[in-house]
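Me: I've got a structure open and I'd like to learn how to read its features. Can you walk me through a few?

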Amino acid sequence: MRALLAQAGAFPLTLIAVWLLARAGVPMSWEGVALAQGGLAALLAWWLGLAVWWRAIELVFPSCVLMARGLDLPPSVFLVLFVLFLLVYWSTFRTQVPYYPSGRGAWDAVADALPGDRPLAIADVGSGLGGLVLDLARRRPDSRVDGIELAPLPWFVSRLRAKLSGSRARFVLGDYEALNFGHYDVVFAYLSPAAMAGLWRKAESEMRPGSILLSYEFDIPGRLPDRRIVTTNSKKILYLWQF
């Protein structure tokens, strides 16, 4: 919403700037107007405290809109793209957790970190397309592996992948806030910095003694992990907390 407000707030400023330049006899092309709108939106994004990558998006967005208009695409294309992004990102505006694929390096690190002396109940909160869950279900046939995903399209794809491969993995459509962490020996999360404090509060109140919380790439402020595991492929960190 703040990113949208930055673009909206830049619009009247751009109109004023273009009017002043026109009064001064400076010619302005549509490309120049788009760059002015993007630059002012990026400055507003900086003022609003948005991340650096949001400022970059603000800068190029008006120029991309201008180029898209030049393609003369039918409106149905934009409708289809909107619905597709809606199904993938769903409530990112609320959770502040976009889709992050973890990759093979993270899967290997998680598998190596799991206790091997007993069957486990494992949950992946925000399981995306289900890659980690399916991989762990294959590696650990003695364990129960569940994935929970809020976005409908990734959840559907993960369910379809499990059905086609004959996997025992289970995928649930919903918010991990409704999941009781106390039912699991291991909880894995690949979320975003904005969600880590809430994740810790939930884990601290629900997870049983002896259980493990894993977070890929994102640390929990003020909570030193028991282990830091460097993944082989990406060199990103897998953080581990033992309860």
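Me: Let's start with helix α6. Which residues of α6 are buried?

Reply: Keep in mind that this is a predicted model. Buried here means under 20% relative accessible area. In α6, that applies to Gly-105, Ala-106, Trp-107, Ala-109, Val-110, Ala-111 and Ala-113. That's seven of the 10 residues in the helix, which spans 104-113, so α6 is largely enclosed by the rest of the structure.

Me: Now aromatics. How is a pair of aromatic rings described?

Reply: You use the distance of the centres and the angle of the planes. Searching the whole structure turns up seven aromatic pairs. Take Trp-200 and Phe-243: their ring centres are 5.5 Å apart and the planes sit at 25°, so this pair is stacked. It also links distant parts of the chain, since Trp-200 is in helix α9 (residues 196-206) while Phe-243 is in the segment after β7, 43 residues apart.

Me: And Trp-200, is that buried or exposed?

Reply: Trp-200 counts as buried, at 11% relative accessibility.

Me: Which residues do ring pairs link into a cluster?

Reply: Trp-200 and Phe-243 again, together with Tyr-239 and Trp-241.

Me: What lies over the face of Phe-181?

Reply: That's Lys-202, at 4.9 Å from the ring centre.

Key. Residues numbered from 1 in each chain as written. Predicted model: local features only at pLDDT ≥ 70, side-chain atom pairs only at ≥ 80, totals over all residues. Heavy atoms only, no water. Buried < 20%, exposed > 50% of the residue type's maximum accessible area, 1.4 Å probe, protein only. Helix = DSSP H or I, 4+ residues; strand = E, 2+ residues; numbered from the N terminus. Phe/Tyr/Trp six-rings, centres within 6.5 Å; stacked < 30°, edge-to-face > 60°. Lys NZ or Arg CZ within 6 Å of the ring centre and 35° of its normal.
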